[in-house]
Amino acid sequence: MKPEHLVVGISGASGIAYGVRFVEVALRLGHHVHLLVSNSAWRVMQEECGLAGVGASSPLSAWLPGAPEEAHERVHRYHIGDIAARPASGTFKARAMVVVPCSMRTVAGLATGNTDNLLLRCGDVFLKERRTLVLVPRETPLSLIHLRNMATLSEAGAHIVPAMPGFYHSPKTIDDLLDFMAMKLFDLLGIEHGIPHAWQGPRRERDNQPA
């Protein structure tokens, strides 16, 4: 499998674990990750993942336990305020950009062209260059403003993939739900992943399959 370059934004919505799992799987598959983590995301990570003090200067091992150490060299980290970083340019080539989770502030910024940090600037670049941009909003309930902003982004070419894991694979753990969303994202990107959560047909049909 050819190594791909993926821009991954993690913004300050609840559901940081979705982003962490996506990065871990991408690295295990041998891909390069260009990582953009907002200031709010670090705060949410501290609260949701029980990682007091974790931040932009923390070692990857502090919050990416599922990524092999030898893969850390394939993580390219950028400061959220560095709008001169390479991914901020339309000349930067990457397979896709995935924002997971995607906060409503990030949705609003992208929908209105308000690119006041590197994550928003990169998303704006992917839209203007007609490249693959995937947004994973994690919010409920959704206001009319949220819905209209997401409709605007969909019309502009972004893929809206809400963090709504399925249950037809009979998940037993939170990890199963995180893997399901990672599977959906890699499927959308056309990248092989080996996560075994695809629909296998009705249970009665599966149970009657010959051994």
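This is a predicted model: local features need pLDDT of at least 70, side-chain atom pairs count only at pLDDT 80 or more; totals for chains, interfaces and linings use all residues.
**Helix packing, a pocket and backbone features**

Helix 3 passes helix 4 in a right-handed crossing.

Two packed helices are described by the angle between their axes and the distance between the axes. For helix 3 and helix 4, which spans residues 118-128, the angle is about 45° and the axes lie 9 Å apart. The two helices are therefore oblique to each other. On the side of helix 3, the residues in contact are Arg105, Thr106, Gly109 and Leu110, and they meet Leu119, Leu120, Gly123, Asp124 and Leu127 of helix 4. By class, this contact has four nonpolar, three polar and two charged residues.

I turn now to a second pair. Helix 1, residues 16-28, packs against helix 6, residues 174-189, at an angle of about 60°, and the axes are 9 Å apart. That angle makes helix 1 oblique to helix 6. The crossing of helix 1 with helix 6 is right-handed. Helix 1 brings Ala17, Tyr18, Arg21, Phe22, Val25 and Ala26 to the contact, where they meet Asp175, Leu177, Leu178, Asp179, Met181, Ala182, Leu185, Phe186 and Leu189 of helix 6. Which classes make up this contact of helix 1 with helix 6? Twelve of its residues are nonpolar, three are charged and none is polar.

The next topic is the largest pocket, with a volume of about 170 Å³. Its lining consists of Ser11, Gly12, Ala13, Ser38, Asn39, Ser40, Ile80, Ser103, Arg105, Thr106, Asn117 and Leu119. Helix 2, residues 39-49, and helix 3, residues 104-112, each supply at least two residues of the lining. Sorted by class, the lining has eight polar, three nonpolar and one charged residues.

Finally, I come to the backbone. Where in the chain are the two peptide bonds that I wish to point out? One runs from Val100 to Pro101 and is cis, with omega near -5°; Pro101 belongs to strand 4, residues 96-102. Another cis peptide bond joins Thr140 to Pro141, with omega near -10°. Pro141 is placed in the loop between strand 5, residues 133-137, and helix 5, residues 144-155.

One further residue deserves mention. Arg130 has a phi near 60°, a positive value in a residue other than glycine. Arg130 sits in the loop that runs between helix 4 and strand 5.

Technical notes
Residues are numbered from 1 along each chain as its sequence is written. Side-chain values use heavy atoms; hydrogens and water are left out. On a 1 Å grid over the protein atoms alone, a cavity is a set of points where a 1.4 Å probe fits but cannot get out, and a pocket is an open set with protein on both sides within 12 Å along at least five of seven lines; lining residues have an atom within 4 Å of a point. Grid points are joined across faces, edges and corners, and a volume is the space filled by probe spheres set on the points. Helices (H or I, at least four residues) and strands (E, at least two) are DSSP runs, numbered from the N terminus. Ala, Val, Leu, Ile, Met, Phe, Trp, Tyr, Cys and Pro count as nonpolar, Asp, Glu, Lys and Arg as charged, and the others, Gly among them, as polar. Axes are lines fitted to C-alpha atoms, for helices over the stretch in contact, and angles run from 0 to 180 degrees between N-to-C directions. Angles under 35 degrees count as roughly parallel, over 145 as roughly antiparallel, 65 to 115 as roughly perpendicular and the rest as oblique. A crossing is left-handed if the near helix is turned anticlockwise from the far one by less than a right angle, and right-handed if clockwise. Contact means heavy atoms within 4.5 Å.
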